[in-house]
Amino acid sequence: MSIQYLRKILEGSSNIVCLLGRAPAAEQGCDLYREDFSYDVEEKYGRSPTEICSTTFYHNRPMAFYRFYREDILGRRGEPDECNYSLKRMEDDGRLHGIITRGFFDLSRRAGCRDVIQLYGNVDRNFCPHCGKVFPAEYILTHTPLPMCDACGTLVHPGIALSGEMLDSRLMTQAIERISSAGVLLVMGCSLQSTLGSMARYFNGDRIALVNRVSNYSDQAADCVCIGDIEKIMREAYPPHD
Ligand SMILES: [Zn+2]
């Protein structure tokens, strides 16, 4: 582990882009692919979270879908942590130019970050498929059992990407542009072989810095690797100024 080296890389760059995995606890809490989350959900609904988070299920069983979305996604929203706040400090200092994430809780933005690309959507941007009106998570929580658009009466679509739907290709293009023009790629909370981490293949810059909880054979492709408690590492690698 070389936190000092990481610190040197971060402080020496004015063009960092971050691939932010599900490091923050809240994002991990409802990772659709995590075994214990799947187990909880299967116990409760008799289906896996990936089956529920599909267009077919959403269209055929909207009541059950929205119960799941309220209780098991929105109910686990959590709060931003030091991973998000360290990114906010880097952005404020003019070093960080973009966070790319599959997380849909908007934790970085809630920590104050401005430049965040959420490839899989955002729980605070539920929208009406008919008129386009956008609704925060709060609207979904308070409009039971089914959240209808208050402008046109159509069933609101959740802000997260459902399987069977196309991802927003503009977001993907934007993300690739960011990665390919970055000088330093900070990969936080995922390995380089994960779906998000493998986007490092678009990187042409100087250094890849990896910070993750567990090591992986793919870590060797990074120039600087810090494994352990991510919040602790980031607080030391990019500490608050005072
Ligand atoms: Zn509408």
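**Entry 1: helix α11.** I looked up helix α11 (residues 230-237) and found Ile230, Ile233, Met234 and Ala237 buried. A residue counts as buried if 20 or more other C-beta atoms, placed from the backbone, lie within 10 Å of its own. Helices are DSSP runs of H or I with at least four residues, and strands are runs of E with at least two, numbered from the N terminus. Viewed down the axis of α11, the buried residues fall within an arc of 95°, so they line one face of the helix. The arc is taken over the directions from the helix axis to the C-beta atoms. Among the elements that cover these residues I noted α1 (3-11), α7 (82-92), β6, β7 and β8.

**Basis.** The model is predicted, so I note that local features need pLDDT of at least 70 and side-chain atom pairs count only at pLDDT 80 or more, while totals for chains, interfaces and linings use all residues. Residue numbers start from 1 along each chain as its sequence is written.

**Entry 2: the sheet.** I traced 6 strands in an open sheet, ordered β3-β2-β1-β6-β7-β8, with parallel pairing. Its edge strands are β3 (116-118) and β8 (224-227), each of which pairs on one side only. Two strands pair if DSSP finds at least two bridges between them. Neighbouring strands are turned by 15° against each other on average, direction ignored. Axes are lines fitted to C-alpha atoms, for helices over the stretch in contact, and angles run from 0 to 180 degrees between N-to-C directions.

I then checked the helices that pack on the sheet. Helix α10 (residues 169-181) touches β1 (16-20), β2, β3 and β6 (184-188), and its direction makes about 135° with that of β2. Helix α11 touches β6, β7 (207-212) and β8, and its direction makes about 135° with that of β7. Contact requires C-beta atoms, placed from the backbone, within 7 Å.

**Entry 3: strand β7.** I found 6 of the 6 residues of β7 buried. Arg207, Ala209 and Val211 lie on one side, and Ile208, Leu210 and Asn212 on the other. β7 runs parallel to β6, joined by 5 bridges, and pairs in the parallel sense with β8 over 4 bridges. Val187 stands opposite Leu210, whereas Asn212 stands opposite Ile227 in β8.

**Entry 4: Leu210.** Not counting residues up to four places away in sequence, I listed Val187, Leu192, Asp219, Ala222, Cys224 and Val225 as touching Leu210.

Technical notes
Contact = placed C-beta atoms within 7 Å. Buried ≥ 20, exposed ≤ 12 C-beta atoms within 10 Å, placed from the backbone.
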